[in-house]
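Thanks, everyone. Please have the sequence and the model up on your screens.

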Amino acid sequence: MHMDTARTAAVNALLGFLSKPECSSAAEKINYYICKYKLQPRDAAFASRLFFTALENEKLCSFYLSELGERRWDSIPPVLQGILLLGAVQILFFSRVPDAAAVNTSVEICRQKGQIRACAFINALLRRLSKVKENLPAIPKNEKAEYLSILYSHPKWLVERMIEIYGIKRTEKILQYNNSAIQITLQINTCRCSTAKVKTLFDTAGVRYTLIPDRNDCLILERVGSVEKLPGYKEGYFYVQDDACRRSVEFADLKPGSRIWDACAAPGGKSMAAAILLNDVGYILSSDLNRSKIERIRENTQRLGFTCIHPICWDAKERMEDIFDCVLADVPCSGTGVISKRPEIRFKAKESVSSLPRVQREIMDSVSQSVKPGGILLYMTCSLLPEENMDNVKIFLDQNRNFELAPLEANSNDPAKTFLPGVHYMDGFFVCKMKRKE
């Protein structure tokens with residue numbers, strides 16, 4: 001039997017990722033193997049879906065496989081774990097893949113990996129899973145956090161923390177959202193074209209999209225292969241940005257001619273949103289620590305045709321001598337609000353998150369010095385944890401008496417907002433508006 005290269009790419013990406021999840025980007029890992037095996041678009045899409053579905057259901061599948069087998073999951077060598085996981089997700093989540101094909105290709109990959117003696121084990125365990133898939137082993141319900149952690153494949157420490165903050169019902173909604181199909185949100189570049197024009201282009205090309213009530217310049221797309229291949233992309237008619245992030249930038253109430261510093265700019269969406277709000281009239285310093293990400297911002301700026309954005313490589317913890325009307329500080333965070341798009345966050349250890357609030361405050365302390373009197377500091381994270389959000393803001397304000405909370409909108413007194421995945425139609429995101437006293 002000829003081995004399926006799409007499945008091989010997915011297995012290798014999975015093994016590579018799971019060996020060092022703490023220092024991997026899931027998307028980069030699968031893209032590397034898609035390129036290495038020179039997969040055609042259809043095979044690339046299949047490999048990608050296999051890989052991400054395995055990451056999104058790793059705890060659940062390993063629970064079923066260890067319940068059905070004679071061996072504890074952690075006693076199975078990693079290479080066999082990867083092969084079993086990919087076989088299991090095909091049986092449980094890929095209705096168009098015949099179970100026999102999922103089993104046979106898994107055995108073939110096992111053979112190709114030199115694991116000849118394990119082929120019978122892989123074959124028997126996946127066949128057993130196929131037989132009982134309508135009547136799977138029950139997940140114990142006596143401990144709610146443990147149950148939700150296995151069912152939705154999230155780390156138990158995070159589920160416990162979320163239940164503490166948001167309660168069981170809302171936590172389950174968030175976890176369900178994280179496991180649902182990824183949506184892509186496009187923001188229309190109104191400096192270059194109208195939403196009506198993009199809709200006409202998409203309608204003609206058969207691209208399916210959803211409109212958002214009260215959001216005129218924003219479209220949500222179902223999973224698409226490559227955004228770069230959409231009509232209007234090369235012309236710079238739109239860019240990818242979740243609406244929670246876009247709305248947060250709008251809270252800054254930017255005016256044409258303003259000077260803005262986007263202090264942790266990558267991947268560049270906030271700078272693009274600010275440029276549209278300024279109608280490309282003003283000055284936006286778009287900085288990030290990562291040089292390759294700055295290059296990406298530069299490419300997007302050129303594609304969208306903005307002249308007011310100036311990308312530079314800069315560490316936001318370093319004092320900037322310049323003064324700005326507004327500083328956007330979307331600081332490095334746990335990413336607990338964007339698990340639907342970044343499944344690697346499911347594999348984060350609790351300890352890796354505990355040091356983040358201090359780093360975030362360091363950045364706030366540094367960039368706040370560049371806000372002019374009467375100017376705005378907009379603090380943002382894609383985290384759902386209060387210790388990275390409002391708790392952190394309170395510590396900053398205690399130590400920086402020259403700043404005060406400011407209402408996000410004219411008709412509201414709220415200085416901060418947390419967008420919740422599964423409750424709103426967007427990713428999880430936190431924004432807080434502060435003003436430097438005159």
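Ground rules. This is a predicted model, so local features need pLDDT of at least 70, side-chain atom pairs count only at pLDDT 80 or more, and totals for chains, interfaces and linings use all residues. Residues are numbered from 1 along each chain as its sequence is written, and side-chain values use heavy atoms, with hydrogens and water left out.

Start with D243. It sits in helix α11, residues 243-250. Helices here are DSSP runs of H or I, at least four residues, and strands are runs of E, at least two, numbered from the N terminus. Is D243 buried or exposed? Buried, because its relative accessible area is 1%. The cut-offs: buried is under 20% relative accessible area, exposed is over 50%, partly exposed lies in between, with a 1.4 Å probe and protein chains only.

What does its side chain pair with? The side chain of R215, in a polar contact of 2.8 Å. The side chain of Y425 also makes one with D243, at 2.5 Å. A polar contact is a pair of N or O atoms within 3.5 Å; within protein, one must be able to donate a hydrogen and the other to accept it, and residues adjacent in sequence count only if both atoms are side-chain atoms. Leaving out residues up to four places away in sequence, D243 touches T185, Q187, I212, R215, C218, Y425 and M426. Contact means heavy atoms within 4.5 Å.

Now the backbone. Most residues other than glycine have a negative phi, and most peptide bonds are trans. Look at A266 and P267: a cis peptide bond joins them, with omega about 5 degrees. P267 is in the loop between β5 (259-262) and α12 (269-277).

Next, S153. Its phi is positive, about 50 degrees, and it is not a glycine. Find S153 in the loop between α8 (144-151) and α9 (156-178). S153 is buried, because its relative accessibility is 4%.

Then D214. Phi is near 70 degrees, again positive in a residue other than glycine. D214 lies in the loop between β2 (209-212) and β3 (215-221). This one counts as exposed, because its relative accessibility is 75%.

That's the tour. Questions, please.
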